[in-house]
Amino acid sequence: MTAVALATACAVIFGTADFFGGLATRRSRVLAVVVISQLGGLVLVCALMPVLPGEASPAALLWGMASGVAGAAGIVLFYRGLASGMMSVVAPTTATTSMAVPVLFGLIQGERPSVTAMVGIALGLLAVLLVSRDSAAGPSGARLGPIVSALASGAGFGGFFVLLKLAPAGSGLWPLAGARIASISLVVLLALVSRRTLRPIPGALPVTIAAGVLDMAANILYLLAARGGMLSLVAVLVSLYPASTLLLARYVLDERLNRVQIAGVGFALSAVALIAVPHT
């Protein structure tokens, strides 16, 4: 139950971080937002090291850096897929794949959730698929390139969850520090190669830093939840974060939700309830 609570809180904070990140990208350059927000997250994780101490072993840093590479690759491939204009295909495909990867990994590793929890997993997969749909994206053809990018992007995000889970249990927050160092380095390298500036637009810095701090707070909650619970359940709950992003957009920005997305939010709440049911 502790892992369920941590994972659910993680999803809410992840969704809030994405909301702030979306606001930041409307006001500033994408790569600048990514680097500055992640630097803010790195500062937070370093500040919390004394609170959640652990051993800075090579394994902890390497698993963390591997997860950072996977996450950064997921972001790049996700934006590449969105650049094709097939948002109605890319977003749900990426979201469901990113959930399916850790769920399948957990089941292969021998995790055996209860029947009720398995129903919750199925509802969670459906919820992520529905809340990621965008009716305003227009019709889209089934072109192979963007679909492949979406699948690879989802695998990158899912790999981030799996690789963090594989970090040694006594490593504290060091895996997250390694993940941030790796992802920041990759994005900076990408900016240098593509000759894009990392200078933020004036006025966008506070919301960008807020997005990074919230994202890291969510990562910390995920790491704690994954260490104390089944990956196949924790990953499903964490992956429901788009629901909180949608609700914030609805009540803060007055954006309308379509019927499919509203149904997705309902399925998300049902999935949380089913997974939270005590089982033996």
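What span should the 21 residues of α7 have at 1.5 Å a residue, and how far apart are its end C-alpha atoms? The expected span, 1.5 Å times one less than the number of residues, is 30 Å, and the end C-alpha atoms lie 30 Å apart, so the two agree.

The model is predicted: local features need pLDDT of at least 70, side-chain atom pairs count only at pLDDT 80 or more, and totals for chains, interfaces and linings use all residues. Residues are numbered from 1 along each chain as its sequence is written, and side-chain values use heavy atoms, without hydrogens or water.

The chain has an average pLDDT (the predictor's confidence in each residue, from 0 to 100) of 81. A score of at least 70 is reached by 89% of the residues. Helices are DSSP runs of H or I, at least four residues, numbered from the N terminus. Among the elements of the chain, helix α7 (residues 174-194) has the highest mean pLDDT, 89. The lowest, 77, belongs to helix α10 (residues 241-252).

Buried means under 20% relative accessible area, exposed over 50%, and partly exposed in between (1.4 Å probe, protein chains only). Buried residues of α7 include P175, L176, R180, I184 and A191. R195 follows α7 and has a positive phi, near 60°.

T16 lies in helix α1 (residues 2-27). T16 is buried because its relative accessibility is 19%. Contact means heavy atoms within 4.5 Å. Not counting residues up to four places away in sequence, T16 touches L214, S244 and L248.

I75 sits in helix α3 (residues 58-82). I75 is partly exposed, at 25% relative accessible area. Leaving aside neighbours within four places in sequence, I75 contacts Q38 and F157.

Terms used: Helices (H or I, at least four residues) and strands (E, at least two) are DSSP runs, numbered from the N terminus.
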